Amino acid sequence: MERKHMSAFSLYQTLSADLPSPAKKPSIQVASKKKKKKKNGIAGSKVHAIKTQVKPEQKKRCKKPPKSAQTQEEVKEEVECVNGTDEALDALLSDLSRVNNSRERASRLFQWLISPVPAKAFFRDTWEKKPILVQRKNPDYYKGLFSTAEFDRILRQEDVQYGVNLDITTYTNGKRETHNPPGRALPFTVWDFYENGCSIRLLNPQAFSSTVWNVLSILQERFGSMAGANVYLTPPGTQGFAPHYDDIEAFVVQLEGKKHWRVYNPRTEDETLPVFSSPNFNDAEIGRPILEVVLEAGDLLYFPRGFIHQGDCLPDAHSLHITISSYQKNSWGDLLQKLLPAALDIAMEEDVEFRQGLPLEYLTYMGVQNSDKDDPRRTKFFSQTESLLKKLINYAPVDAAVDQKARDFLHDCLPPMLSPDELASSVQGAPARWECGQVMDVAAHINKQTRIRLLRADCARLCGDGEAVDLYYTTSNSRVYHKEEPKSFEIKAEHTEAVEFLIHSYPKFVTVGSLPCGAAEERIALAELLFEKGIIHTAEPL
C-alpha cells in the first residue's frame, strides 16, 4: 500500500506528545526590537494619528485613565503630503553613504522610514504617546529592505536554527503555540510548516541580510539605543500570535501582501510604557480596538510599548512584514537603577549620617505587620528616611551612571556597515597582502600630516570607573546580538585629552599632528592603535 505523506506540522504534532515538555517560560517575557524612516513624503499619502483612550469596560481596572483619551472618530486625522519623493531604498542608501556625518545619515533614513510625518512632530506629539498609521498606496516604497525570496535564500545558504533564529507559531481558537523542532531550519520543513498554516518569525534578520544590517546600524544612532528587527511571514487566513504588548517602540513595515491589524490602548496606567512584555491575552481582557486597519505593502504602523496589538492575514493574501524596534530598557528608571546603588556607596563612604545605626527596636514598630499602628516613632522613621533620600542626590554620580548606560548601548550596537570609501580608508581595506612570495604594504604609513576621524559619530566613547579610563567601541561587534563580549581597552591618562579631541571633532578630519598629547611619535602611536582597532579612518586611503 502506498504510504500517505505526513506533513512536517502533522509529524511534529504526533511526536510532541512523546517528547519531554519544554521548560516553561516566565509569563512575562522580554521581546525584540525595531525601527526606521525618510525625508519629505509621498504625494497622496494618508496619515492617521491615533491618541490614547480608555474604554468604559476597562475603567474598573484603571487607577487613572491614560492621558488624552478620545473616541476613535476624534483621533483619525488625514494629513496631506507635499513635496513627496519615492526614492528607492537602494538609491537612498547609496546617497547616504556619501553623507559626511553619520548622525545626519541616521536622521535622513529615519525621516524616509516615517515619511511624510515630519520627524520633529513625530518625536514631539507621537513618540511614546500614541499609534500612528501611514498608508501610502505605493507597494514598492520599502522594496529592497527584505523579501520572501531573500528569506528563502537565507534558509538555503545560512545556518538558521529553530528557537535561536527562527520560530514556527500558530494562534488558533485562542491558543498560541510554538512548533519548533530541534536543529537547523531547512527549506523543506519550514515551507511545509508554512503550507500547513504556520507563521514563521525570523528573529534576527540583520545577521543574514546586509540591507537590514545596514539600515539598523544607521538607525541606532538616531535613537541612541539598539535598533533591532524581527521578520514575520504569515500564510493567508491565519494568525501566528496572540494579542499582547511589547516593551519596545515598534515600527511595523509592511513589505508584501497585506495584514489586518487591531491596536488597543494600555489597559491601565500601570501598563503604560511597561518595563516588560506582557503574557498572551484573550479578547475578553483587552476591550475594543482604538485602531483597526489592513496594512498593505508600503504602509507603516507605529505603536509605543504597552499598546496591545494583534495581526491576522485575510483569506486572499499572505503577509510579510518587518518590525523595527528600539528603546528597550532605556527609561529614567533604568538609569536610576544604575545611579542609586553607586550614590549609596559614595554616601556611605563620605557621610557619617548614612552609617549611623538604625533606631533600637525599629523592628517593633516598622514593617508591614506594624503599618496600621498609630505610633509617633513611625512618623520620625519616615521623616529620617525622606531626609536621607533627599541628601542622596548630593552623592549621585550622574555622569558615571550615564556612562554605564552608554557601555550597554555600545555592547548592544551592530557594527557599522562600511561604504566602499570607508572600507578603502580604514583598517579593513588596508593594502597589506601576500604577493610574489612576500608580505606587501603591511605598514600603515600614518604620519603627522595624516588626516583622521572616527568611523562613526557614536562608534567609540570614553568611560571612567573612578580609577581608569577605557575606550569602548562598536567596530568589532558581531551582527549577532551579544555574540561578542564588550570591546574596550584602557586609555593612558596622557591620551584621554587627545581621544576627547577626536570624538568632539567629528565629523571633521584632523591631522595626527594636531592631537593634544605628547611628542609626535606618541601621537602617531595613538593614531595607529585607533586605526588598528577600526575606530578611525583616514581622509585618503593609505
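Colleague: Let's zoom in on Lys 391: what is its relative accessible area?

Modeller: Lys 391 has a relative accessible area of 25%, so it counts as partly exposed (buried is under 20%, exposed is over 50%, and partly exposed is in between, using a 1.4 Å probe and protein chains only). Before we go on, keep in mind that this is a predicted model, where local features need pLDDT of at least 70 and side-chain atom pairs count only at pLDDT 80 or more, while totals for chains, interfaces and linings use all residues. Residues are numbered from 1 along each chain as its sequence is written, and side-chain values use heavy atoms, with hydrogens and water left out.

Back to our lysine. The Lys 391 side chain forms a salt bridge with Glu 353, at 2.6 Å from N to O. That term means a side-chain nitrogen of Lys or Arg within 4 Å of a carboxyl oxygen of Asp or Glu. The two partners are 38 residues apart, with Lys 391 in helix H10 (residues 376-392) and Glu 353 in the loop between helix H9 (332-350) and H10. Those labels are DSSP runs numbered from the N terminus: helices are H or I with at least four residues, strands are E with at least two. Glu 353 is partly exposed too, at 22%.

Arg 305 and Glu 249 meet in a salt bridge at 2.6 Å, N to O. Arg 305 sits in the loop between strand S9 (300-303) and strand S10 (308-312), with Glu 249 in strand S7, so this pair ties together parts that are 56 residues apart in sequence. Both Arg 305 and Glu 249 are buried.

The other pair is Asp 152 with Arg 156, whose salt bridge is 2.8 Å from N to O. Asp 152 and Arg 156 are 4 residues apart in helix H6 (residues 148-157), so about one helical turn separates them. Arg 156 counts as exposed, at 53% relative accessibility.
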